[in-house]
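Hi,

Here is the structure I promised to pass on. Have a look at it first, then read my notes below.

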Amino acid sequence: MMTFMWKSACRGRWQAVVVILCLSQLSSVTGQARYSIPEEQAEGSFVGNIAKDLGLDVARLVSGKARVITKGSQHYVDLNRDKGTLVIKERINREELCGKTTPCSFSFELILENPIQLYRVTVEVTDINDNSPIFPKDTVNLKIVENAATGTRFSLESADDSDVGINDIQKYTLKPSDNFKLEVHSQPDGGRFVEMILQNPLDREKEETHTLVLIAADGGEPRRSGTVRIHITVLDANDNAPVCSQPVYKADVNENSAEGTVVTAVSANDEDKGVNGEVTYSIAHVAREAKQLFEVNVKTGEIKVAGKLDFEKSKTYQLNVQASDHGGYTDTCKVIIQIIDENDNVPTIQLMSFSNSISEDSPPGTTIAVVNVDDEDSDVNGIVSCSINSDVPFNIESSLTGYYSIVTENVLDRESVSEYNITITVADRGSPPLSSTKNINVKVSDVNDSPPTFDKSEYSNTIPENNSPGFSVFTLNAHDADWGQNARVSYLLEEKEINGVALSSLVSINSETGAIHAVRSFDYEQLKWFEFNVTARDAGSPPLSSVTTVRILIQDQNDNPPQVLYPVQTGGSVVGEMVPRSADVGYLVSKVVAVDVDSGQNAWLSYKLQKATDRALFEVGLQNGEIRTIRQVTDKDPVNQKLTVIVEDNGQPSRSATVIVNVAVADSFSEVLSEFTDFKQDKEYNDNLTFYLVLALAVVSFLFITCLVVIISVKIYRWRQSRVLYHSNLPVIPYYPPRYSDTLGGTGTLQHVYNYEVCRTTDSRKSDCKFGRAGSQNVLIMDPTGTMQKIHRENSILDEPDSPLEVRHLMY
């Protein structure tokens, strides 16, 4: 305990004592301070340096938003935060504040926030002599019989002074004092009553009236006084005085009793007869408050309630009931009235400090409010209990008598509950009990503790190939349970390479909406699917994020026509198949092999015979592309048969390719050569004619160079086509050309190697070839413009056995 003493002059000298008590029950209650000031100080008068006395910095008062909180409506003291001092806010009248109660003081709380600190400050108000003694009446009339005995006492009403202590009434003086003297009696409750005692007999014949002055004076500085005039009328003899039945009466009465309630009754007897024996009753020698609360029946002596009794203001009253006869004789009896407390005051709740917002990451035990509860009743009726509703994660703890702190019980989660309504209930133990409630609302402020959440851990969507750049794939959506800036989500692509290409060159994402767009057109044949990660990140500090996987599937479109692998179509030659005239129905002539780089039904191929020299002779398998005879071959069928086969896929719309297949219907190779030799002679004649025409032109050299360039270009083009097919990712379809044995079909094709005999004459047109019967089908590579000429020039070479050129032409 620490005590601070100082002196100051303000309408006199006064002392202030500061007492700081450290409380160990709760950290929010820090200490107490006590000051003493005189009443009636001017506004702005200095009370004390609260910052210094409590050991606080002025900066702490400012940052903690220090403020004064009082229970009632009167705010006598204010805080000057900038200086750390307490000053008078409004004039203090000690008599209005406390009446006769001493010592007189009032209390208030000094609250600081962040963290919450509570200081109780008590200010004692000392009395100054600002009130004069006042008698109930300005004039008192007494009738005294002339034969009254010396020593007869006459009760007088005492004066009342609102001041206390030395400033209260200290002395009564009676002037003149020839026939009477004065006696002042103190009562147990601190009050006084005055009696005037006859000390010299009266003589009505000498002096029928007497006028006295009773002076009441206090002990203050300056001294104040009050007077009352006493007029005495001397009467003829009345030799018996009234006598009270008992000197002291005791009675109990409930507070809040209705006006007119009988408390008790006093009685007195007078042995005189007639008018001199009639007794009247009156209340004398009591404070004004008691006279306002009780009244006595003048004739019967019944004492009744005349005002509102309040146990909290005064627990007991003492009345002096005076019994008087008409002769001026009196007797006084005491009536002690005990007020019985009733549970008539509802407990009150006052918020001393309150934070209407609390962060969700506040640890358990964080104080959100400090309340003061009070009940003006006494004993059991004034004992209160305080509680809060049980459906909130808060506890209420007692920190100091009459003070409770509301603290967090568990860790809060704004995403589960964003605000709480707390009902504070205070109830006393009276019968019946009285209670009151107060509701406060606490909002939970957000902390970035929830990352964005996608609806799925993996997303998948299909888009058609050949899409336009900017095509909208789909939109991702991530939810964040936080609030405000902490729930603002942005979307980011995690950069990576797909088939050597940066992801950002394939797709883009809108950082605010999560919409994914294609950056370029996709080709199913190059990229069938790809996947990547998208990060959703909030704007909190620090930011939180989550990742989801996005898979994009490219849907095939029918954008590629079928490609014919066999028979190979070249610009300088055609593929020919030979069918013997003895071929049966269903004879396998050849097979068209085609592929489509598309997939699914876009790659389902069907084969149809578009044109034919004789449509009744051949047919094409719809699914396998096999060319077979549909009737028996006859001698009347032309040797040269030309078939046009169309290959279509199953896409929408359908794409197609065509291939020309030349078929020679002949039993022997010589028959085929003979057919083509006749053709060759006609062709040779035309060629000679063209040759002579060309010689006539002056631009032979130009045509030669042009032909040379064209040939080189064609060769390069064929070479590149072969490379494309070689490196193509097309599926490999096992296929055996017609020169291999058809192990699955009933009919065979030419073997890879077969025997032959050549018979040559001087006239090549009559030469003959004899073939072995190892195979039933021949395949020829025929050049309609130069094949026979080439054979003619190489006759000499063919005559040689095992000639390489011979082998090259006859082995396929």
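A quick definition to start: helices (H or I, at least four residues) and strands (E, at least two) are DSSP runs, numbered from the N terminus. Keep in mind that this is a predicted model, where local features need pLDDT of at least 70 and side-chain atom pairs count only at pLDDT 80 or more, while totals for chains, interfaces and linings use all residues. Residues are numbered from 1 along each chain as its sequence is written, and side-chain values use heavy atoms, with hydrogens and water left out.

Let's begin with helix α6, which covers residues 700–727 and contains Leu-708. Leu-708 is partly exposed, because its relative accessibility is 43% (buried is under 20% relative accessible area, exposed is over 50%, and partly exposed is in between, using a 1.4 Å probe and protein chains only). Leu-708 also belongs to a nonpolar surface patch with Phe-704, Ile-705, Val-709, Ile-712 and Ile-716, and together they have about 580 Å² of accessible area. Patch members have over 30% relative accessible area and no salt bridge, and nonpolar side chains (Val, Leu, Ile, Met, Phe, Trp, Tyr) are joined within 5 Å, like charges within 9 Å. A salt bridge here is a side-chain nitrogen of Lys or Arg within 4 Å of a carboxyl oxygen of Asp or Glu. The areas come from the Shrake-Rupley method with a 1.4 Å probe, and for residues only the protein chains shown count as cover.

Now the cysteines. How many disulfides are there? The count is one, if we take a disulfide as a pair of cysteine sulfur atoms within 2.5 Å. Cys-98 and Cys-104 are the partners, with 1.8 Å from S to S. The torsion about their S-S bond is about 70°, so this disulfide is right-handed. Cys-98 is buried at 18%, and Cys-104 is buried at 2%.

Cys-244 is buried at 12% relative accessibility, and Cys-333 is buried at 1%.

There's also an open sheet of three strands, in the order β19-β23-β22, with antiparallel pairing. β19 (262–265) and β22 (294–296) each have a single partner strand, so one side of each lacks a neighbour in the sheet. Two strands pair if DSSP finds at least two bridges between them; β19 and β23 (residues 302–305) have three. In one of these strands, β23, Glu-302 is the bridge partner of Ala-265.

Enjoy exploring!
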